[in-house]
Structure formats: C-alpha cells, structure tokens
Amino acid sequence: MAEIQIGMQANAWLREFPIAENLDTVLREIAETGYSGVEIGYHFLAGGRFNAIRPGGAPPAGDSDVTTIPDPAEVGELIADHGLDLAALHTGGTFHAEDVAREQTLPNLEVIAAFAESIGCPNVLISPAAKQEGPKTPQELHVQNQVFAEACALFAAHGAHCFHHTHGPELEDDFREVRHILELDPAHISLAYDIANAARVIGPVGAVDFMDTFRSRIGYVHYKDCRPDGVLVEAIGEGAIDWHAVAGKLTNSDYSGWVVVEIEPGHGMAANRSVKEDATLSRECIRETLGV
C-alpha cells in the first residue's frame with residue numbers, strides 16, 4: 001500500500017480555548033495521540049501572538065503599513081518541536097464575485113502564499129465562499145474558476161499545491177460546482193474531500209461512492225463523521241459513515257497522501273469528552289480500519 005500520512009486539524013480545540021494562544025498545547029496533544037501532522041487554518045495563526053494584523057488575513061489592498069504575516073520561523077519551530085509535519089494550511093475567500101475577489105481574496109492569498117513558502121508548506125486547502133442566496137450562476141462559476149486559476153498559479157509560484165475543500169453547496173445538483181472547479185488543470189488543483197460534508201448532502205453511502213467518481217482528483221481527505229441526519233459526532237467511528245468502506249476505497253486505489261481528522265465544533269454536535277479523548281478514539285478507528 002502507498003504511504004498514507006495521518007494528521008489532525010487544529011480547529012477541533014476551538015471548543016476548549018483559542019488556538020493561537022494555545023498552539024503549543026494543541027500540537028502537544030496531537031502528537032501524544034499518535035498523529036504525524038497538523039492542518040491549521042491560516043486565520044488561527046493570524047492572531048496577536050504571531051504578530052499578524054487580524055484573524056482573516058491581509059489588509060485592504062494598498063495598505064502596507066501593517067504587519068501581515070505571522071512569523072514562519074516561530075510557527076515552524078513550534079510544530080517541529082512536537083515532531084509534527086505541517087500537513088496543510090487552510091484558507092478561503094470569495095471567488096465568484098469578481099470585485100470582492102480582486103479587492104480582498106487575491107490580496108489575502110498573496111500574503112498567505114508568501115507565508116506558506118516561508119514555512120515550507122507544500123499544501124494549501126481553499127474553501128470558496130458560498131453564495132448567500134441560491135446557487136451560483138454560470139457566469140459566477142466562470143469568474144470563480146478564473147480567480148481559482150490565478151490563486152493556484154500564485155501558490156504554485158510559492159511552491160504549494162492547491163486543494164479545493166469540499167462543502168455541502170458545491171455537492172448539490174449532481175456535484176455541479178465541484179465538477180466546474182475540476183475543469184481546472186489537475187496539475188494545479190486537486191480535491192480535499194471532506195467525507196462528512198458530502199454525507200450530509202448525498203448520504204453516508206453516497207459519500208463513499210463519491211470517492212469512485214472523483215478518485216483521480218482526490219489528493220487529500222478529511223475524516224469527519226456524522227449521524228444519518230447529518231448531525232456531526234465527536235469521534236470518527238461514532239456516526240453513520242462506513243470507515244471500513246472508505247479505507248477500502250483508499251487502499252484499492254493506492255492512495256498516497258494525507259488523511260486528516262476533523263472534529264468540527266458546532267452543527268449540532270454535543271461534546272461530552274475532551275478533544276484529546278476524541279482525537280485518541282478517532283486515531284484508534286483509523287488504525288483499525290485503515291491499518292496505519
């Protein structure tokens with residue numbers, strides 16, 4: 001079987017404390033529970049501790065009088081001190097509205113791309129903002145792809161590969177939005193497939209079958225679990241998703257990449273354990289089903 005690396009997303013600890021101020025604790029608990037890497041939302045690093053301007057990214061275009069990049073040496077050293085790899089940075093923005101994309105999203109991504117290169121991060125997950133009212137029009141999807149292509153080229157110039165992180169609205173109407181994004185060059189963009197986000201739209205069985213349809217573009221996987229009604233659960237293996245079937249899809253296709261656990265606070269999830277306990281149970285489920 002090809003090498004699969006197992007990571008944990010830092011945002012799980014939001015239900016216990018702010019991430020930036022407690023990143024050392026987050027990283028220590030990720031390492032102690034058997035993960036080899038961490039995925040971090042850039043906006044969690046863009047806090048006062050790491051000398052960035054504000055949660056969210058860059059300043060308005062043209063404003064150069066503020067510090068915009070967290071100290072990559074400090075963040076990188078902290079991650080390395082715990083024996084972890086930086087699996088990916090996670091960011092997002094509005095891509096379908098050209099004025100917003102050019103005034104805000106692309107300037108933000110320029111800052112994040114520079115940070116990714118400075119810290120040696122090879123992977124960047126991008127979550128495009130949903131449209132507030134109704135699905136995106138064909139023209140909006142066209143604009144979104146144009147901006148995505150520019151973003152991918154920007155990150156590639158800084159040594160990072162882009163992954164489109166899947167959410168519910170993009171999977172509706174026979175995966176209309178995902179299919180449109182995947183018209184972009186596979187050399188520049190892959191899928192970061194979030195299994196529970198899919199299960200909440202197309203059901204747990206459909207979420208597993210999705211992996212056959214789009215296997216050639218899946219290069220990063222979010223392990224997240226939910227009940228049949230879509231309510232998220234605390235630990236992998238406690239919901240309705242068949243993780244043995246997911247593991248079979250990965251191993252049979254010789255998947256080589258990151259599998260990252262996401263224990264997302266909210267969406268109806270009731271937490272009864274510590275995040276560290278949930279991370280431990282999730283890691284045990286991965287060992288049992290995936291064998292790594």
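Let's start with how the chain folds back on itself: of the contacts (heavy atoms within 4.5 Å) between residues at least 6 apart in sequence, 78% join residues at least 24 apart. Keep in mind that this is a predicted model, where local features need pLDDT of at least 70, side-chain atom pairs count only at pLDDT 80 or more, and totals for chains, interfaces and linings use all residues. Residues are numbered from 1 along each chain as its sequence is written, and side-chain values use heavy atoms, leaving out hydrogens and water.

The protein has 9 helices and 8 strands, taken as DSSP runs (H or I, at least four residues, for helices; E, at least two, for strands) numbered from the N terminus. The C-alpha trace spans about 50 × 45 × 35 Å along its principal axes. Buried residues (under 20% relative accessible area, 1.4 Å probe, protein chains only) make up 53% of the 292.

Now zoom in on helix α8, residues 243–252. At its start, a side-chain oxygen of D242 comes to within 3.2 Å of the backbone nitrogen of H244. W243, V246, A247, G248 and L250 are buried in this helix. In an α-helix there are 3.6 residues a turn, so residues three or four places apart point the same way. The buried residues of α8 pack against α7 (195–213), β7 (218–223), β8 (257–261) and α9 (275–290). After α8 comes D254, with a positive phi near 60°.

Terms used: Buried means under 20% relative accessible area, exposed over 50%, partly exposed in between (1.4 Å probe, protein chains only). A polar contact is a pair of N or O atoms within 3.5 Å; within protein, one must be able to donate a hydrogen and the other to accept it, and residues adjacent in sequence count only if both atoms are side-chain atoms.
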